[in-house]
Amino acid sequence: MAATHAAAAANLTFSFKCSYHPSPFLSPKPPTNQDFPLHFPAKSNPSPLRIISSAISKPQSPTTTTSSITPAGTHDTFISRFAVDEPRKGSDVLVEALEREGVTTVFAYPGGASMEIHQALTRSTIIRNVLPRHEQGGVFAAEGYARASGRPGVCIATSGPGATNLVSGLADALLDSIPIVAITGQVPRRMIGTDAFQETPIVEVTRSITKHNYLVLDVEDIPRVVREAFYLASSGRPGPVLIDIPKDIQQQLVVPNWNQPIRLPGYVARLPKLPDEKHLEQIVRLVSEAKKPVLYVGGGCLNSSEELRRLVELTGIPVASTLMGLGAYPCNDDLSLQMLGMHGTVYANYAVDKCDLLLAFGVRFDDRVTGKLEAFASRAKIVHIDIDAAEIGKNKQPHVSVCADMKPALEGMNKLLEERGNKLKLDFSAWRQELQEQKVKHPLTFKTFGDAIPPQYAIKVLDELTDGNAIISTGVGQHQMWAAQFYKYKRPRQWLTSGGLGAMGFGLPAAMGAVVARPDAVVVDIDGDGSFIMNVQELATINVENLPVKIMLLNNQHLGMVVQWEDRFYKANRAHTYLGNPSKESEIFPNMLKFAEACGIPAARVTKKEELREAIQKMLDTPGPYLLDVIVPHQEHVLPMIPSGGAFSDTINEGDGRSQF
């Protein structure tokens, strides 16, 4: 079978199968000494362009067009530790290729098929390996690194179960458009397809959950493949790229050619160009005609936060954010409506329901935002700008659409508004006043019951004590929604959460990656007991690596969000959602403090509201990692709530697990 792959490799280049149709109104960017005009657009929230087939490539035929691309890295100034003509192992070539891309940290867990890579990492003076205690922890950490920094995160795993343990993280990165490069060891080429020990066809397994993936069958391809992987992960709509490298390729000696051109003609041709000014003029005209406009912004605006703020400054249009877009516009600003959608604020959802112009920027009209599609922004003209043409019109048909990177699109609109500001005379004060009345009428609130600690209050206190400047990661569930509602994010890349996939166990390893990327920042994992225990083994990593991750655990002994749905829609019948010990319900089980103690991490438990502020302050003041176990009642519900498939008129504002439904 290896011979079959090798034969195919001689003739294979990239085969693209995608529902991607570049907009006819895109204008090219002037080339800069390249065969193709390229730029690095901002991250976008929706799922990436899917390039479905893998590349198993030998040099292409002379008739194939290539582009000489130099992605972000240090190719021109890099000084190798090897002599120019010195043979070295494929694993050393791989590590140097990572160094040339500017990689300084990887999250790698060794195994039989990746041992050569780890041996090569020990010879690197540039790359640090943060050793996770599970491959899923490694890929989530790479995501946390990428989300906090905007640079691609790198994780490495062995073949078989090591590779398959990356699957949830790759799927998560695809859905949330996170640039990561995952490298896996593979059995030797001669054993591929023989059901060898720890062999899985990881390229096939991950085909639909990566932006692209590679099986390297020629050691000479490693420099090019790594450069292509980083370029693909970072450009256009970001996403995960996987490189699968057989062990014999890692062991083979070679003198690498670092000047191989990247060969991605089809991909490059499909990258969105600069937006057409005529379409931006049309959007500005719609703004000037509107009475009740709203900005609906997502993860696609994270790299254009300054331009977004300038647009709001010029127009006075209020801003509603998706879960992924939190921080793109400051949540504490008067014009912020905070989050919209299923658990969004009443006033954000009111604004979308009543608006006459919806400016959907860097979003994908996710079902948790729109609910019932026909009722979503039913009174409005819709303008949709996104970097991925496949998202435009996929769920909601816009009246005006532009396939472009948000940064130049916002820059172009701001330029037009600055030139025509006096003529346009935009005045949305009456609309803003209407929304301000909704803010006063329907604020985010919570109830207090005796000494019990409301989970919302814990997050509010954390926000106050950190002045809204911490990087927050979360698991998935009620605590995630409360962290989105009650922490006021001021900047992009402060908020790290598994949005599209909703992967429990994300919070702790993501915080681990974030603190590596941003050692200057306070990083807090706001977690639930259900999510936390899924990757609790990473407590060992943060201790050994001395990573100052603060963990605020909202412990209600239940799968809180599922319990909420049981209360609302299943007559409070508990179907395996209690996580404690049924024979000792009065005790907290498991004892999270013992996990922390086993890993040498200071920890404390707080059960009373009046003791909470001091406990959180102690957590923040303690050097290094710290676990604070905050015991909260399981009856709390995340409100507001629009039931799945519902409309704004179906909003639920009252009740909790103490009520009958």
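Helix H2 (residues 90-100) and helix H3 (residues 115-122) pack with their axes 8 Å apart, at an angle of about 55 degrees. That angle makes H2 oblique to H3, and the crossing of the two is right-handed. On the H2 side, the contact is made by Ser91, Asp92, Leu94 and Val95, while H3 brings Glu116, Ile117, Ala120 and Leu121. Sorted by class, this contact has 5 nonpolar, 1 polar and 2 charged residues. Please keep in mind that this is a predicted model.

Now let us turn to the sheet. Here 6 strands form an open sheet with parallel pairing, and their order is E11-E10-E9-E12-E13-E14. Strand E11 (336-339) and strand E14 (400-403) stand at the edges; each has a single partner strand, so one side of each is left without a neighbour in the sheet. From one strand to the next, the twist averages 15 degrees.

Within this sheet, strand E12 (residues 357-361) and strand E13 (residues 381-386) run parallel and are joined by 5 bridges. Leucine 359 stands opposite valine 383 in E13. A helix also packs on the sheet: H13 (residues 346-354) touches strand E9 (293-297), strand E10 (319-321), E11 and E12. The direction of H13 makes about 105 degrees with that of E11.

H13 has a helix partner as well. Its axis and that of helix H16 (residues 429-441) come within 9 Å and cross at roughly 145 degrees, and H13 passes H16 in a right-handed crossing. H13 takes part in the contact through Val346, Tyr347, Tyr350, Ala351 and Lys354, and H16 through Trp431, Glu434, Leu435, Gln438 and Lys439. These residues divide into 6 nonpolar, 1 polar and 3 charged.

| Helix pair | Angle | Axes | Crossing |
|---|---|---|---|
| H2 and H3 | about 55 degrees | 8 Å apart | right-handed |
| H13 and H16 | roughly 145 degrees | within 9 Å | right-handed |

Finally, a look at the aromatic rings. The structure holds 12 aromatic pairs. One of them is formed by phenylalanine 140 and phenylalanine 506, an edge-to-face pair with 5.3 Å centre to centre and 70 degrees between the planes. Which parts of the chain does this pair tie together? Phenylalanine 140 lies in helix H4 (residues 135-149), and phenylalanine 506 lies in the loop between strand E16 (495-496) and helix H19 (507-517), so the pair ties together parts that are 366 residues apart in sequence.

Conventions
Residues numbered from 1 in each chain as written. Predicted model: local features only at pLDDT ≥ 70, side-chain atom pairs only at ≥ 80, totals over all residues. Heavy atoms only, no water. Axes fitted to C-alpha atoms, helices over the stretch in contact; angles between N-to-C directions. Helix = DSSP H or I, 4+ residues; strand = E, 2+ residues; numbered from the N terminus. Parallel < 35°, antiparallel > 145°, perpendicular 65-115°, else oblique. Left-handed = near helix turned anticlockwise from the far one by under 90°. Contact = heavy atoms within 4.5 Å. Nonpolar A, V, L, I, M, F, W, Y, C, P; charged D, E, K, R; others polar. Pairing = 2+ DSSP bridges. Phe/Tyr/Trp six-rings, centres within 6.5 Å; stacked < 30°, edge-to-face > 60°.
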